[in-house]
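Please look over the sequence and the model below before reading on.

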Amino acid sequence: MIAEEKQEAAQRLLELVALLEYPTLEVADRCDLKFEDLESRYIRLFVNSLGGVAAPPYAGCFLEKENRLEFMSQFSGFCLEQGVAIDQAQPPDYIPMMVEVLVMLLSGDAEPETLYSVIADFYCRWPEAFASTLREHDDVGIYVTVAEELCAILREIKTKNASSTVAERADG
Amino acid sequence: MSITRRKFLKGTAAGLGCLGMSSVAGLRYVSKAHAEELAAQKVKYVASSCAICTNKCVFRGQVVNGVIKRLEPQPEFAKGRGMMCARGNAGAWTPYDPNRVKYPMIRTGKRGEGKWKKATWDEAYAYIAEKTNKVVEEEGGHRSCIGFVSSEGTYHEHYWHQFREVFGSPNTLRHPGLCLSSNIRGNMSVFGTYPTADVKNSPYIILAGADRAEAIFTPDTMDMFSDRSKKIICLDPRFTKTAAKATEWYPIKPGSDMAFALALLHVIIGENLYDKDFVRDHCEGFDQLARHVKQYTPQWAAAETDVPAEAIQKIAREFAKTPGAVFYPGRRSGWHGQDVHARRAIAMVNAVCGSFDREGGLIPNISIPLKSYFYEPAWYDLTRPRLEADDVTFLNPRDGSWIPWRERAIKGDPYPIRGLFIYKQNVVDSVPDRNMTMELFDKMDIIVSIDTFMSSTAWLADVVLPESNYLERFDAPYGLSGIEPFVVIRQPLIKPLYDTRPGFDLIKGLAAHFEDEDGISLDEYFEGDVEQHARDFMSDYPGGLEMLKEKGFFTDGRKAEIGAYRSGKSTINTSTQKVELYSADFESRGLDPLPVYRGCGVIPKDRFRFVVGRHAIHTHSMTAAFPDLNWHMPENSVWINTASAKELGIKPGDMVLLTNRTGGEARIKAQVTEAIRPDCLYFAHGYGSMSKDQPLVFGKGATQSQILESHYESISGNAMMHETIVEIRKV
């Protein structure tokens with residue numbers, strides 16, 4: 001993945017983080033929704049809701065066979081190894097925060113191999129399930145769009161870094 | 001409605017700026033790690049104490065890369081017996097629960113509709129203050145129109161009481177009125193204290209309804225059941241885990257424990273088996289008791305209790321002849337209208353056998369005295385007594401009595417209650433007769449709930465304020481009294497997640513939005529911080545706070561001195577300074593000076609007595625929604641005896657409807673079993689939540705508050721949990 005591609009991916013990911021934040025008037029306007037309506041939808045999906053939070057914004061909640069505490073601990077350990085500090089007011093698997101970690105790695109000098117393996121280790125097993133849950137519960141499709149875009153970007157990063165990794169190995 | 005990708009996914013975030021990890025613009029949650037953060041990479045252990053039940057077992061929390069991995073028992077903490085139960089272990093997950101209350105929330109829809117908006121702390125406080133001050137003004141400045149509710153377990157509760165006191169309302173309600181106040185009163189009237197049974201050293205233990213193997217006070221269970229030489233007599237309408245472990249089990253008729261105890265006294269005194277020296281030297285009123293219990297023969301008791309007369313005689317003789325035998329005073333909710341007298345009768349069995357202040361018997365608790373938390377009081381000209389002041393003989397002014405208080409609050413008798421401030425207690429699921437609680441809630445102008453989870457009570461509140469989880473807070477030292485007393489502490493394993501606050505900060509912040517009659521902001525009554533208070537509490541023990549921080553507990557090695565009361569070194573805390581078998585105090589208040597059995601009522605045909613009880617993996621209504629525990633029991637079911645079920649055509653797994661005499665209903669699945677008397681029904685607590693934000697228990701099974709009727713006994717004010725008569729039918 002070349003530097004420009006990394007920067008573009010990072011920028012797109014940062015957009016997604018902003019959209020996953022608590023709604024603002026500007027976002028509501030862009031969705032052609034009243035702010036109160038968007039706020040109530042956001043609360044239902046991510047904060048508290050009828051029948052429980054519909055789509056918890058925590059990656060570990062979408063893992064099928066793994067222990068969430070273990071996943072969080074491993075991810076947190078990985079971040080520290082990379083010299084990245086994460087906000088301790090959120091569980092380490094808070095999806096917007098995980099996306100920002102990726103943004104930070106893309107913005108740095110992470111090798112393609114590192115990017116490929118971090119995607120494989122921490123960003124592969126939950127995004128589709130997150131998007132699928134949102135498909136079920138997000139009746140206006142705002143956050144489904146965000147989740148699907150996230151899946152697309154992650155696939156792209158993985159693919160491009162896999163090719164880079166293979167190419168580098170071939171060159172070597 | 002559809003959103004186009006192009007329109008939605010555009011330009012919200014700030015530009016990235018230049019590349020390089022240390023200078024990425026627009027990041028909200030991540031940054032370049034500094035030494036402090038890098039240190040979190042290590043495995044660390046933090047000593048703290050559990051909050052999932054009342055026992056407060058000390059543990060070492062293992063934190064890996066800043067994430068709580070597990071809670072291990074602190075092996076040096078003797079009270080925990082080196083164990084950490086299922087509930088305690090399950091606590092490790094609680095900070096990360098996605099359904100946790102994460103931010104202050106203000107209701108935007110109807111109560112219970114589930115529509116909320118996220119608020120800042122100041123917004124939430126201001127909203128509460130505006131509503132509350134309006135109500136107080138409408139009530140002519142009487143602050144007693146606001147009721148304060150709190151519960152055991154958080155070491156910040158004293159700050160809540162402080163807030164209530166400086167706010168100026170006498171109306172406070174705590175958990176003992178739903179739990180053990182009748183037990184405390186019964187024992188106090190006889191021994192002047194509520195003692196602990198020395199089960200570790202007792203070779204013979206009678207347990208009347210105390211389900212130690214499943215209850216929330218678990219470590220002494222190890223003492224009872226790990227030594228097979230101990231003889232354990234279990235009286236319980238259900239074949240509980242304790243019954244399974246006991247030497248003998250008698251499915252006693254609910255409400256007749258007092259008859260059993262009186263018959264024991266009849267045999268022990270009648271056959272001259274009592275401890276004559278102890279009675280002579282330390283008891284008051286033995287002759288009156290001896291005359292009184294002549295009427296209570298084992299044959300009479302057998303008809304009342306369904307325990308065979310021969311068994312009663314045998315148990316009485318064995319008990320009196322076994323040095324160190326103890327009739328466990330119990331630690332569970334009140335059962336029936338004569339509960340204080342039943343506890344007195346049990347206390348008297350111990351007393352006449354000298355099973356007080358001796359090894360194996362009842363031992364008065366001692367504590368490690370800490371410096372008191374001092375604060376200036378606020379003075380008000382406008383004061384009124386608490387609502388139910390005249391309804392209960394021995395009303396604890398801080399605990400109150402839920403049932404009569406609620407009844408008066410609904411009627412506005414003698415004055416209206418317009419708001420409820422609730423700290424931790426899950427009123428909706430815990431106070432009997434949920435319909436009445438809902439009626440009370442409907443009358444409230446403002447309901448504030450402070451909790452860590454969206455309990456049924458929080459769900460029905462107007463404002464929910466999120467307290468930090470017990471694994472995230474520093475809680476000041478807390479004294480645990482007992483035969484071997486300790487002081488425990490809580491320390492944060494991780495920093496508080498989300499926008500939550502520890503109790504002290506939360507309460508002080510709320511206080512800042514109110515003033516007293518002189519215009520002084522109520523937060524000015526709160527001085528220092530929890531760390532400072534911790535140092536003050538422990539100031540008499542050099543090195544004590546350091547030991548607390550290192551080990552999670554403090555002891556100076558003291559233990560209750562057995563024999564201190566017999567030798568006269570300590571004085572029995574009754575008016576006669578003797579163990580009072582005959583209570584002149586009760587007599588002077590128009591109460592029976594001796595326990596008079598008045599029957600436990602007849603259950604009409606086709607009706608059942610509903611009994612409450614514990615479950616081995618749950619604490620009240622708190623833990624059923626913990627995933628690790630819920631996995632073991634996703635739903636509760638009503639126990640019905642096989643023969644009764646057959647008569648009614650009920651099969652295992654059938655959905656049934658329980659109906660009480662006051663309109664309470666519960667739909668629940670049937671569990672057909674031999675493990676309960678044919679005239680009783682039971683289900684575990686904690687399910688059937690009204691909160692749709694507790695998905696694992698919302699609509700699953702039933703909660704006891706749905707079916708329990710409103711009854712209380714007027715000596716201690718305790719709610720009566722075994723006075724509910726129900727019908728059951730298949731639906």
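## Domains of chain B

The structure is a predicted model, and every value in this report was computed from it. For chain B the domain assignment gives domain 1 (105-179 + 386-478 + 494-540), domain 2 (195-364 + 569-588) and domain 3 (608-730). The C-alpha centres of domain 2 of chain B and domain 3 of chain B are 28 Å apart, and the contact between these two domains draws on 23 residues from domain 2 of chain B and 26 residues from domain 3 of chain B. Together, domain 2 of chain B and domain 3 of chain B bury about 2,000 Å², with 59% of that area on carbon and sulfur atoms. Of the area that domain 2 of chain B buries against domain 3 of chain B, 30% is supplied by B:Ile216, B:Arg238 and B:Pro254, more than by any other three residues.

The polar side of this interface can be described as well. Between domain 2 of chain B and domain 3 of chain B, seven residue pairs are in polar contact, counting pairs with both residues at pLDDT 80 or more. On the side of domain 2 of chain B that touches domain 3 of chain B, helix 14 (residues 339-352) of chain B gives the most, with three residues. The rule finds one salt bridge across the interface of domain 2 of chain B and domain 3 of chain B.

## Salt bridges

Over all chains, the structure holds 62 salt bridges.

| Pair | N to O distance |
|---|---|
| B:Glu318 and B:Lys231 | 3.1 Å |
| B:Glu467 and B:Arg473 | 3.6 Å |
| B:Arg677 and B:Asp679 | 2.8 Å |
| B:Arg677 and B:Asp306 | 2.8 Å |

B:Glu318 and B:Lys231 meet in a salt bridge, and this pair links distant parts of the chain, 87 residues apart, with B:Glu318 in helix 13 (residues 309-321) of chain B and B:Lys231 in strand 11 (residues 231-235) of chain B. B:Glu318 is partly exposed, at a relative accessible area of 21%, whereas B:Arg677 is buried, at 8%. B:Glu467 and B:Arg473 are both buried. In chain A, a network of salt bridges links A:Glu5, A:Glu8, A:Arg12, A:Glu149, A:Glu156 and A:Lys160.

## The surroundings of B:Glu580

B:Glu580 lies in strand 22 (residues 579-580) of chain B. Because its relative accessibility is 5%, B:Glu580 counts as buried. Apart from neighbours within four places in sequence, the residues in contact with B:Glu580 are B:Ser189, B:Val190, B:Glu284, B:Arg344, B:Met348, B:Thr574 and B:Ser575. With one of these, B:Ser575, the side chain of B:Glu580 makes a side-chain to side-chain polar contact at 3.1 Å. B:Val101, by comparison, is 479 residues from B:Glu580 in sequence and 49 Å from it in space, C-alpha to C-alpha.

## Cysteines

How many disulfides are there over all chains? The count comes to zero. B:Cys53 is in no disulfide, the nearest cysteine sulfur being that of B:Cys85. The sulfur of B:Cys85 has its closest cysteine sulfur in B:Cys53, and because the two are 6.0 Å apart they are too far from each other for a bond. B:Cys53 is also buried, with a relative accessible area of 15%.

Key
Residues numbered from 1 in each chain as written. Chains lettered and ligands numbered in written order. Predicted model: local features only at pLDDT ≥ 70, side-chain atom pairs only at ≥ 80, totals over all residues. Heavy atoms only, no water. Helix = DSSP H or I, 4+ residues; strand = E, 2+ residues; numbered from the N terminus. Buried < 20%, exposed > 50% of the residue type's maximum accessible area, 1.4 Å probe, protein only. Contact = heavy atoms within 4.5 Å. Polar contact = N/O pair within 3.5 Å; in protein donor to acceptor, adjacent residues only side chain to side chain. Salt bridge = Lys/Arg side-chain N within 4 Å of Asp/Glu carboxyl O. Disulfide = S-S within 2.5 Å. Domains from an automatic or database assignment. Buried area = accessible area lost by both parts, 1.4 Å probe.
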